Amino acid sequence: MTLARALVRNAAVGVAVADKPEDLKTFLQPGCAAAIWRRQPEPTFQKWIDTLDPSLLPKGRIVLRPDAVPSAVTALCDVAETPDCDERDQLVGDVSAIAEIFTGLMKAPYLRLRLQAVTTNACRKFHIDAITARLVCTYRGQGTQYGISTDGQDPARVFSVAKGAPILLRGTLWPEKPASGLLHRSPPIEGTGETRLVLVLDAVDSPEDDI
């Protein structure tokens, strides 16, 4: 099966949906504003992460070389006192695997990694990030929302990324012009009692880049 046939287009123009991680390379093609790896979370892991006390969720922000991701995420789990179990190992392994895929696509010498437990309306406004490219994966709670803006206003139709599905997003520093008009935001959850766990990876050129 060719790459073109292996991918289907999402309802939002310029968003590709891949069923295999290797098909995410369509993100590099002209006119592709974002790409989503469509996958289903493992049920036992999902139940564990969904019911874990929010205070035990790993969180932190660091610029590092891609091969340092496993040890860094393990350290964040240690600091948060995330229970040492198979599911924790799955989380560390999945973040590391996603980081490796993203690094391979972007040829990034460094990554800015952020794990964040979100309980408020963080980044509630639709926007495009001032970076080259970003990967976002929501492990717990509602996924990233996105849509196409044709007039600079909020998208008329809003889509949500499924839990556990990584989305790759182009930023304002992506060399292709004009910009696609694809905007995204965190779902508004303040006051609902929901806690999201979100992984964000940015491709950066130097360890001196702002954390």
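Leaving aside neighbours within four places in sequence, with which residues is Leu113 in contact? The residues are Gly60, Arg61, Ile62, Leu64, Val69, Val73, Leu76, Val95, Leu199, Val200 and Leu201, where contact means heavy atoms within 4.5 Å. The model is predicted, with local features needing pLDDT of at least 70, side-chain atom pairs counted only at pLDDT 80 or more, and totals for chains, interfaces and linings using all residues. Residues are numbered from 1 along each chain as its sequence is written, and side-chain values use heavy atoms, hydrogens and water being left out.

Leu113 also belongs to the largest nonpolar core, which has 40 residues. A nonpolar core is a set of buried Ala, Val, Leu, Ile, Met, Phe, Trp, Tyr and Cys residues joined through side-chain atoms within 4.5 Å; buried means under 20% relative accessible area with a 1.4 Å probe, protein chains only. Phe102, Met106, Leu113, Tyr139, Leu199 and Leu201 touch the most other members. Helix 4 gives the most to this core, 8 residues. Apart from this core lies another of 17 residues, including Tyr146 and Leu169.

Tyr139 forms an edge-to-face aromatic pair with Phe45, at 6.3 Å centre to centre and 75° between the planes (Phe, Tyr and six-membered Trp rings pair with centres within 6.5 Å; edge-to-face is over 60 degrees). Both Phe45 and Tyr139 are buried, and Phe45, Trp48 and Tyr139 form one aromatic cluster.

The charged end of Arg39 sits over the ring of Trp37, 4.7 Å from its centre (NZ of Lys or CZ of Arg within 6 Å of the ring centre and within 35 degrees of the ring normal). Arg170 lies over the face of Phe27, 5.7 Å from the ring centre.

Notes:
Rings of Phe, Tyr and Trp (its six-membered ring) pair if their centres lie within 6.5 Å; planes under 30 degrees apart count as stacked, over 60 as edge-to-face and the rest as tilted. Buried means under 20% relative accessible area, exposed over 50%, partly exposed in between (1.4 Å probe, protein chains only). Helices (H or I, at least four residues) and strands (E, at least two) are DSSP runs, numbered from the N terminus.
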